[in-house]
Amino acid sequence: MGLSGSETDLLHHGLTHSRRPLRKQTRPTEPRPGCRPCRVFLLRWGFIHGHALPGAPARPHEQPPVLQAVPAAARACPWAPSLQGCPCCGTDSPGHGHFQTCPLHCGLFRGQKLSQTYLCHRGATPGHRPCGSSAQRSCSVSGTAAQEQQRQVPAQVRDCRLTSLLDLALEKDYVRSKIAEYLNYLIDIGVAGFRLDAAKHMWPGDIKAFLDKLNNLNTRWFSEGTKPFIYQEVIDLGGEPIKGSEYFGNGRVTEFKYGAKLGTVIRKWNGEKMAYLKNWGEGWGFVPSDRALVFVDNHDNQRGHGAGGASILTFWDARLYKMASGFMLAHPYGFTRVMSSFRWPRYFENGKDINDWVGPPSNADGSTKPVTINEDTTCGNNWVCEHRWRQIRNMVIFRNVVDGEPFSNWWDNGSNQVAFGRGNKGFIIFNNDDWSLNVSLQTGLPAGTYCDVISGQKEGDFCTAVEVHVAADGMANFLIGNEDEDPFIAIHVDAKL
């Protein structure tokens with residue numbers, strides 16, 4: 001049935017209900033690369049706290065980030081098949097044991113994982129067992145012009161094959177039941193939810209039909225009655241007949257306009273300015289916040305594939321990428337996803353990266369290189385691990401601390417210097433102009449001295465970074481040079497000295 005658990009989305013459960021102070025930045029006990037060291041890191045830095053409920057009904061204000069990790073294949077191979085590496089049709093497929101026990105996927109462990117699922121089609125990889133012709137549709141469209149025309153006809157988008165991939169007959173109860181059977185197996189082993197790939201190529205009603213057959217999450221790791229977390233890949237940039245809103249009833253949807261627009265603003269293209277972000281979210285034509293899954297980049301558009309275009313920021317644009325990620329994690333709009341990926345040997349010809357197909361870092365014998373951990377807890381061996389960058393991991397904690405707090409105290413200079421708060425729990429300020437920033441602003445925070453969590457962090461009673469002094473009236477002075485390594489400052493109540 002073309003199902004895969006290969007692309008990893010790790011649900012982060014940290015909430016302000018169980019806040020804890022930042023701990024000293026020393027290298028955690030990581031005896032060797034693998035699952036346990038990643039779990040230690042994710043737990044420590046706020047990506048995962050205990051076994052909080054992932055379902056929206058339990059905590060209506062919950063907006064924790066998801067971690068999307070581009071996985072390693074067992075052997076060197078093109079990157080796209082490595083996302084679809086667990087063949088389908090049965091739970092005895094290759095890779096099943098690895099997914100369950102976690103050695104191939106850093107951070108996949110019971111009670112804390114989301115699964116990528118390919119439900120509308122079955123891959124054409126040699127050696128995959130056929131699911132049976134009665135479970136497939138025969139409608140197919142080939143050729144660039146024909147495929148472009150197909151996008152304008154919803155029935156063809158949803159009923160015909162996606163490129164060469166065989167299309168499942170999701171209108172049949174047998175097919176729906178087999179899908180639900182597979183997903184319920186994953187729920188039984190501790191999966192917390194599912195990313196539904198290519199959801200726009202399925203009818204919303206067909207998706208609802210098999211989702212209605214799913215069990216609640218396993219009570220060994222989750223509270224009784226907890227539903228799986230669902231989000232659906234729906235590319236809706238406008239101009240096409242299929243809208244993301246058609247899928248709201250099934251769960252959240254990917255808001256691809258988010259990364260494209262934010263990248264344009266941070267790059268200062270087309271006259272865009274950060275000052276225009278005051279009404280960021282629905283005011284920019286995005287889907288409602290409680291239905292949105294948002295991200296700066298993903299596994300497709302970081303390579304120029306999928307949706308977003310040239311404005312998408314990636315780890316290759318590290319300084320701007322950190323700013324965009326900081327803004328996303330500080331802002332209350334949407335359910336955020338953080339990327340974690342690997343480098344590949346980019347080589348451009350006529351503006352196109354001809355190596356955009358290359359898979360994970362590999363040795364000469366074709367085996368995938370291990371993820372080594374540096375002294376500063378970042379990754380080596382050409383593994384990027386953006387989630388381990390100090391600026392991003394500390395902003396995950398910031399998001400935890402300010403969870404549920406209102407958007408407040410907006411300030412801008414009419415250009416690319418902006419700031420905003422989250423109630424009385426946190427405050428962030430950016431300088432994306434070509435000149436220095438020196439301004440006193442209302443933070444909304446209690447009086448005291450705070451440690452900037454971008455340039456460093458709080459270690460016990462000591463700050464390794466810039467200190468910000470908030471007066472009794474909530475005012476504080478900020479100085480950010482336009483050539484600073486990270487031209488933004490973030491403070492929150494758990495970073496108070």
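**Questions on disulfides, rings and buried residues**

User: What angle is found about the S-S bond in the link of cysteine 451 and cysteine 463?
Analyst: The angle is 75 degrees, and the link of cysteine 451 and cysteine 463 is right-handed. The model is a predicted one. Cysteine 451 belongs to strand E18 (residues 448-451) and cysteine 463 to strand E20 (residues 462-463), so described by the runs that define strands. The two cysteines are 12 residues apart, and the pair links distant parts of the chain.

User: What makes cysteine 451 and cysteine 463 a disulfide?
Analyst: Their sulfur atoms are 2.1 Å apart. The cut-off is within 2.5 Å, so the pair counts as a disulfide. Cysteine 451 and cysteine 463 are both buried.

User: How many disulfides does the structure hold?
Analyst: There are two. Cysteine 379 and cysteine 385 also form one, with sulfur atoms 2.1 Å apart.

User: Why is the disulfide of cysteine 379 and cysteine 385 called left-handed?
Analyst: The torsion about its S-S bond is about -95 degrees, and the disulfide is therefore left-handed.

User: How do you know that cysteine 379 and cysteine 385 are buried?
Analyst: Buried means under 20% relative accessible area. Cysteine 379 has 10% relative accessibility, so it counts as buried. Cysteine 385 has a relative accessible area of 6%, so it is buried too.

User: Why is the ring pair of tyrosine 258 and phenylalanine 286 called tilted?
Analyst: The structure holds 22 aromatic pairs. In the pair of tyrosine 258 and phenylalanine 286, the ring centres are 5.9 Å apart and the planes stand at 40 degrees.

User: What angle do the planes make in the aromatic pair of phenylalanine 315 and tryptophan 316?
Analyst: The angle between the planes is 35 degrees, with 4.7 Å centre to centre, and the pair is tilted.

User: Why is phenylalanine 315 called buried, and why is tryptophan 316 called partly exposed?
Analyst: Phenylalanine 315 has a relative accessible area of 5%, which is under 20%, so it is buried. Tryptophan 316 has 29% relative accessibility; that falls between 20% and 50%, so it counts as partly exposed.

User: Which residues do ring pairs link into a cluster?
Analyst: The cluster includes Tyr258, Trp280, Trp284, Phe286, Phe327, Tyr333 and Phe407. Trp410, Phe420, Phe430 and Phe488 are also in this cluster.

User: Which residues have the most contacts inside the largest nonpolar core?
Analyst: They are Phe194, Met274, Leu277, Ile429, Phe430, Phe478 and Ile491, in a core of 101 residues. Helix H6 (residues 173-188) supplies the largest share of this core, eight residues. Another core, of seven residues, lies apart from it and has Phe229, Leu293, Phe295 and Phe335 among its members.

User: What makes E17 and E22 a strand pair?
Analyst: Six bridges join strand E17 (residues 437-442) to E22, and the two run antiparallel. At least two bridges are needed, so the strands pair. Within this pairing, valine 439 stands opposite phenylalanine 478 in E22.

User: Why is isoleucine 489 called buried?
Analyst: Its relative accessible area is 6%, which is under 20%, so isoleucine 489 is buried. Isoleucine 489 has its place in strand E23 (residues 488-492). Beyond its neighbours within four places in sequence, isoleucine 489 has contacts that include Phe427, Asp452, Val468 and Phe478.

User: How do you know that glutamine 391 is buried?
Analyst: Glutamine 391 has a relative accessible area of 4%, and that is under 20%, so it is buried. Glutamine 391 lies in helix H10 (residues 390-402). Apart from neighbours within four places in sequence, glutamine 391 is in contact with Lys322, Ile454, Glu485 and Asp486.

Definitions and conventions: Residues are numbered from 1 along each chain as its sequence is written. This is a predicted model: local features need pLDDT of at least 70, side-chain atom pairs count only at pLDDT 80 or more; totals for chains, interfaces and linings use all residues. Side-chain values use heavy atoms; hydrogens and water are left out. Helices (H or I, at least four residues) and strands (E, at least two) are DSSP runs, numbered from the N terminus. A nonpolar core is a set of buried Ala, Val, Leu, Ile, Met, Phe, Trp, Tyr and Cys residues joined through side-chain atoms within 4.5 Å. Buried means under 20% relative accessible area, exposed over 50%, partly exposed in between (1.4 Å probe, protein chains only). Contact means heavy atoms within 4.5 Å. Rings of Phe, Tyr and Trp (its six-membered ring) pair if their centres lie within 6.5 Å; planes under 30 degrees apart count as stacked, over 60 as edge-to-face and the rest as tilted.
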